[in-house]
Every structure is written in structure tokens, then in C-alpha cells.
Amino acid sequence: MNNDERVTDLTCIDIDGKTMLYGVIGNPVKHSFSPRMHSLAFQKLCINAVYVPFLIQEDHLPGLMNAFSIIGIQGFNITLPFKEKIVPYLDSLSEEAELLQSVNTVIKTHGGWKGYSTDGSGFMRSLAAAKIALSQKKVLLAGAGGAARAIAVSLAKAGVAEISIVNRTQQKAEKLADLIYRVSPALAVRTAISRDSSPDIVINTTSVGMNDDKCPLADEILQDCKWIIDIIYNPPVTPLLKKAIGRSISHMNGLDMLLYQGVEAFEIWTGQKAPVDIMRQSLIASVYPDTNGDASLS
Ligand code: ATR
């Protein structure tokens with residue numbers, strides 16, 4: 001990265017009467033990395049806009065879109081716990097958001113507020129950036145929550161050969177299998193681990209390993225796989241990724257998924273190619289403050 005691209009070298013934007021407003025709603029929201037990342041991206045592209053956090057309560061939702069229209073917000077992100085709860089208040093949804101009934105990005109359009117889900121597409125861009133091929137691959141997905149749903153739908157559209165879902169609550173694995181079937185009826189979907197089919201790619205979407213030293217999957221399952229991906233980004237190296245490193249299996253943590261869901265949101269709002277390097281640098285500085293921006297990740 002050139003010195004002139006470093007976060008610290010960007011000059012402060014000149015806020016004036018034409019400055020546009022973007023933001024993120026959530027509760028809590030003060031730990032969000034998005035305000036810094038998006039504000040820097042706007043600066044980098046000389047877009048006269050700022051991005052701020054909004055701490056809201058659930059009972060604010062019915063009046064929120066009206067309030068945002070009045071103050072002229074152009075677009076916003078949604079984080080926990082409102083990704084599903086915001087849906088009834090929007091005017092339209094992208095195909096993916098409709099399918100998932102979950103929204104993390106909203107833009108003001110001529111037709112009103114339109115919701116998108118960039119978690120799945122952000123994940124896919126992180127795979128593409130790491131040159132992970134998906135065609136005809138067998139994928140094992142640990143977890144069946146919101147992130148798993150977004151990822152599974154994107155994988156199903158990307159032409160993988162098989163998706164196996166393992167989840168603590170079996171009923172949720174089966175519900176996710178039904179959703180995948182709606183997207184891709186011909187795809188082989190399992191809700192258990194098969195002894196005769198070892199996965200090429202293993203993806204952890206559970207929180208196991210985030211605050212404990214547990215691994216979400218048994219060692220035998222990892223035996224022949226080529227890629228291990230953990231969508232946890234903090235710690236940067238989870239117990240699952242330690243196993244990948246110990247076995248010399250290619251691996252990736254969740255920082256790039258976090259990055260690219262933001263990149264996709266930025267591109268929806270601006271119609272411009274996002275400044276990915278500056279956004280990554282901002283995230284690394286925020287998520288891993290002790291590394292001085294030079295982290296060697298996962
Ligand atoms: P996210 O939006 O990050 O996907 P989520 O929707 O709450 O979060 O999903 C969390 C996932 O982690 C679920 O698959 C959950 O399993 P259950 O469906 O059984 O709840 C999984 N998970 C969380 N804690 C877990 C634990 N201690 N052991 C196994 N799985 C766990």
C-alpha cells in the first residue's frame with residue numbers, strides 16, 4: 001500500500017450544506033466498525049458524505065423511516081438485533097433480502113426505501129478475493145443461523161455440488177435445507193455428516209471458538225478438506241483455524257466477509273467501486289488495534 005493511501009494521511013472532509021448522511025442502526029451500536037470504515041471510504045473518493053451510528057430501540061422502528069426521510073438520510077446499515085425486524089417498514093427488497101427476510105443495507109430510492117442483504121454477497125467476494133473456487137465443490141456448513149442462511153443461499157446459486165449443514169439444533173438445519181431447496185432444487189443438501197462424502201470446503205458460521213477454546217467440528221471431518229473458513233474475525237485465529245494451520249490446510253477468517261459486506265453496501269449507495277484497500281486498513285486498525293495496522297491475519 002502506498003503511503004498516500006494510509007488512513008492517517010487522509011484529510012478531514014469539509015462538511016457543508018450539501019453533506020450527505022449515512023449511518024448504521026443497532027443496539028448496541030457503539031462498537032460498530034462501520035462509521036470509521038465508510039467515512040474514510042467517502043473521503044477517499046471525495047464524496048461529500050458522513051456515516052454515523054444511531055442507537056435505537058425496537059419501538060422506534062415504526063416511525064424510523066419517516067424520521068430518516070425528514071432528515072434526508074440517503075442510506076443506512078442495520079446491525080443486531082434489527083436485521084429481520086426492519087423488513088416490514090421498507091418499501092421494497094432485493095431478491096436476496098426477500099428470500100432471507102433479512103436486511104443489512106437500505107438505500108433511499110425514487111420508489112422509497114429499498115432493503116438489501118450483503119452478507120452472502122460479501123462472503124462470496126471474500127472467497128473470490130482469496131481465489132477459492134466453488135464450482136462442483138462439496139461444502140460443510142457449521143451453523144444454521146442468520147449468517148449461515150445468507151452464505152448457504154449464495155453458495156447454492158454459485159454452483160457448488162453439495163451442501164451439508166450441521167447445527168446444534170437439528171430443526172434449524174432442516175429449515176435451512178428447505179430454503180436451499182427453494183433456491184436450487186437440484187442441489188444435494190444434507191443435514192448430517194456423511195461418512196462417504198468428505199467436504200472440500202468447511203465453513204464455520206457458529207459462535208463456537210469466539211469466546212472459548214472449542215472447535216465446532218470433530219477432527220475426522222477436517223481430514224481431507226482443502227479450505228477451512230471461520231467467519232469469526234476476533235480472535236483472528238480461532239481453535240478451528242489453529243487446526244487448519246496445524247494440518248497445513250488453506251484457511252481464512254471472517255475479516256474479509258466483514259469488509260466485503262461493507263464494500264457491497266458502499267457500492268449500492270454510491271454506484272462507484274469502493275476503495276477496498278482503505279476500507280480494509282480501517283477495519284484492521286479498528287478490529288486489531290494492537291497490530292498497528294500491519295496484522296498478518298489468520
Ligand atoms: P448469526 O447471525 O451470527 O448467524 P445466529 O443467527 O444467532 O447468529 O446463529 C448462531 C449459530 O451459532 C446457530 O447455528 C447456533 O446454533 P443453534 O441454532 O442451535 O442455536 C450456533 N451456536 C451458538 N452457540 C453455540 C454453541 N455453544 N454450540 C453450538 N452451536 C452454537
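Between domain 1 and domain 2 the count is 3 salt bridges, in a model that is predicted. Glu267 forms a salt bridge with Arg125, and the closest N and O atoms of this pair are 2.9 Å apart. The domain assignment of the chain places residues 3-117 together with 256-287 in domain 1, and residues 121-253 in domain 2.

**Contact between the domains**

- The contact draws 15 residues from domain 1 and 19 residues from domain 2, while the C-alpha centres of domain 1 and domain 2 are separated by 27 Å.
- About 1,500 Å² is buried between domain 1 and domain 2, and 60% of that area lies on carbon and sulfur atoms.
- On the domain 1 side, Leu99, Leu100 and Met257 provide 40% of the area buried against domain 2, which is more than any other three residues supply.

**The second largest pocket**

- The volume of the second largest pocket is about 210 Å³, and its lining consists of 16 residues, with Ile193, Ser194, Ser197, Ser198 and Pro199 lying nearest its centre.
- At least two lining residues of the second largest pocket come from each of strand 7 (138-142), strand 8 (162-166) and helix 7 (219-222), and strand 7 gives the most to this lining, with 3 residues.
- Sorted by class, the lining of the second largest pocket holds 6 charged residues, 5 polar residues and 5 nonpolar residues.

Notes. Residues are numbered from 1 along each chain as its sequence is written. This is a predicted model: local features need pLDDT of at least 70, side-chain atom pairs count only at pLDDT 80 or more; totals for chains, interfaces and linings use all residues. Side-chain values use heavy atoms; hydrogens and water are left out. On a 1 Å grid over the protein atoms alone, a cavity is a set of points where a 1.4 Å probe fits but cannot get out, and a pocket is an open set with protein on both sides within 12 Å along at least five of seven lines; lining residues have an atom within 4 Å of a point. Grid points are joined across faces, edges and corners, and a volume is the space filled by probe spheres set on the points. Helices (H or I, at least four residues) and strands (E, at least two) are DSSP runs, numbered from the N terminus. Ala, Val, Leu, Ile, Met, Phe, Trp, Tyr, Cys and Pro count as nonpolar, Asp, Glu, Lys and Arg as charged, and the others, Gly among them, as polar. Domain bounds come from an automatic or database domain assignment. Contact means heavy atoms within 4.5 Å. Buried area is the accessible area (1.4 Å probe) that two parts lose on being put together, summed over both. A salt bridge is a side-chain nitrogen of Lys or Arg within 4 Å of a carboxyl oxygen of Asp or Glu.
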